[in-house]
Amino acid sequence: MNAREPIVAAAHAEPAARALLEVDALSVRFGDVAVVDRVGLRLRRGEVLALVGESGSGKTMTALALADLLPPPGRVDAARLEFDGRDLLALAPAARRALAGGDIAMIFQDPASSLNPCFTLGWQFGEVLRLAGVRGRAARRAAACELLARAGIADPAARLHAYAHQLSGGMCQRAMLALALARRPRLLIADEPTTALDVTIQAQIVELLLQLQRDAGMALLLISHDLALVAEAAQRAAVMYAGEIVECGALPRLFDAPRHPYTAALLAALPQHGDSTLRALPGNVPAPQARGRGCRLAPRCPRVQPRCRIEHPALLGDAHPVRCFFPLSTESAR
Ligand SMILES: Nc1ncnc2c1ncn2[C@@H]1O[C@H](COP(=O)(O)OP(=O)(O)O)[C@@H](O)[C@H]1O
Ligand code: SF4
Ligand SMILES: [Mg+2]
C-alpha cells in the first residue's frame, strides 16, 4: 500500500454542497484482511450515488459498515464517518446503531434477509412502526397499509395477514421497500435490489425505488453491477475493485469517458446484459489475501506496465478521481 495515499480519497463532485454522508478512509477488516480498504464516499441530500464493481469487490461490506450491520468479527475503522454533520465514530455503539437504524435503511437482493419468514407482514410493520414512534395498533395498521399502497401493493389490508413465502418475488421486494421506508430513513442503501428478480419486474421495482426516493427526498446508495441501470438511475457513480474505489465521478460523463481500465472493461461488458463475467478482462477479483503490492488490477489489466506491478496507485483528482498510473485519457495522465 502506498503510504503517500491521501486520506481524503472521496467521491467528491461538489465539495461546497453540504453532505448527508461523508466517509473518508473507511476500512472493514476481518482479522488482518481488509475487505474494504480506505474507501471514501460523499452523498448529498436526495442524491443517488451508485456503487458498482464485480462480485467480491467489497460493495456489500461497505454498505453493511455504513448501516452498522457488519457481521462479526468484522471491524470498521475510518478517518471520518459523518451523517448529517454528526460524527458517528464519536458515538457509543448503541447510539450509533440507533441512529443507523432510524436514518439509514438497507434493502437487500434477497427479500428473505429483510422479511422474517416466521411472521406476517402486519406483525413486522407493527414492530418497525412502533420503534418509529407510531402509537396505537390502529394507527400502525393504517400507516402500514399506506406504505404498502405507496409501494404499489394492491389490497394492502389483506396483505398484512400474509407471510413472505405467500408473496411473489416482486411483491416481496415491494413489501421490503415499504418496510424500509417505515422509519422514514434519510439514506436508503439498496444492495443489488433487483438482481434476484425476473427482467420484466426489475424495471418496475427500479422505477418504484426511484419514485419513492424522490417523494421522500431520501439519498440513495444504489449498489449494482448493472451499469445500464446505474446510468439511468444515478447522478454519480463510484467504481470499486478489490476493496478500493478506483474511479468516481458524475454521470453520464463517467461512463461516456471512463479513465480507469477497469471501468472501461465493465462498460465493454455491457452488451452481455445479466452476465456477470467480464469478457474484456480475464480472471477474477483477487481474494483480499491474494492481492499483490502493486495495482490490484495489474494481473488482469490490458494497459499494465512494469511500474504497475511494484507500486500501488493512489486515487487522485478532484471532480473525477482515478486510481491508475496510465489512465485512458492522456490529457492528465501522470
Ligand atoms: N463474513 C466474512 N468474513 C470474511 N470475509 C468476507 C466475509 N464476507 C465477505 N467476505 C469477503 O469480503 C470481500 C468483499 O465481499 P462483498 O462485500 O460481499 O463483495 P461484493 O458485494 O462487491 O460482491 C470478498 O472477498 C469476500 O470474500
Ligand atoms: S495502474 Fe497499471 S495495472 Fe493498474 S489499472 Fe492502471 S494501467 Fe492497469
Ligand atoms: Mg454484494
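# Reading a predicted model, feature by feature

Q: How does the shell around ligand 2 divide into nonpolar, polar and charged residues?
A: The shell holds nine nonpolar residues, one polar and one charged. Here Ala, Val, Leu, Ile, Met, Phe, Trp, Tyr, Cys and Pro count as nonpolar, Asp, Glu, Lys and Arg as charged, and the others, Gly among them, as polar.

Q: Before we go on, what kind of model is this, and how are its residues numbered?
A: This is a predicted model, in which local features need pLDDT of at least 70 and side-chain atom pairs count only at pLDDT 80 or more, while totals for chains, interfaces and linings use all residues; side-chain values use heavy atoms, without hydrogens and water. Residues are numbered from 1 along each chain as its sequence is written, with chains lettered from A and ligands numbered from 1 in the order in which they are written.

Q: Which residues surround ligand 2?
A: A residue is near a molecule if one of its heavy atoms lies within 4 Å of it. Around ligand 2 you will find His260, Pro261, Cys295, Leu297, Ala298, Cys301, Arg303, Cys308, Cys324, Phe325 and Phe326.

Q: And where does ligand 2 sit?
A: Cavities are found on a 1 Å grid over the protein atoms alone, as sets of points where a 1.4 Å probe fits but cannot get out. A molecule sits in one if more than half of its atoms lie within 2 Å of its grid points. Ligand 2 sits in the largest cavity.

Q: How many aromatic pairs does the whole structure have?
A: Rings of Phe, Tyr and Trp (its six-membered ring) pair if their centres lie within 6.5 Å; planes under 30 degrees apart count as stacked, over 60 as edge-to-face and the rest as tilted. The search finds three pairs. One of them joins Tyr241 and Tyr262, a tilted pair with 4.6 Å from centre to centre and 55 degrees between the planes. This pair links distant parts of the chain, 21 residues apart: Tyr241 belongs to strand E10 (residues 236-241) and Tyr262 to helix H10 (residues 261-268). Helices (H or I, at least four residues) and strands (E, at least two) are DSSP runs, numbered from the N terminus.

Q: Are Tyr241 and Tyr262 buried or exposed?
A: Buried means under 20% relative accessible area, exposed over 50%, and partly exposed in between (1.4 Å probe, protein chains only). Tyr241 has 1% and is buried; Tyr262, at 0%, is buried too.

Q: Why is the pair of Phe325 and Phe326 classed as it is?
A: Their ring centres are 6.4 Å apart and their planes meet at 70 degrees, so this pair is edge-to-face. Phe325 is buried at 6%, whereas Phe326 is partly exposed at 26%.

Q: What lies over the face of Phe325?
A: A charge sits over a ring if NZ of Lys or CZ of Arg is within 6 Å of the ring centre and within 35 degrees of the ring normal. Here Arg307 takes that place, 3.7 Å from the ring centre of Phe325.

Q: What about phi of Ala25 and Arg184?
A: Ala25 has a positive phi, near 50 degrees, though not a glycine. It is buried at 9% and lies in strand E1 (residues 19-30). Arg184 also has a positive phi near 50 degrees, but Arg184 is exposed at 72%.

Note on methods
1 Å grid on protein atoms, 1.4 Å probe; cavity = no way out; pocket = protein on both sides within 12 Å on 5 of 7 lines; lining within 4 Å.
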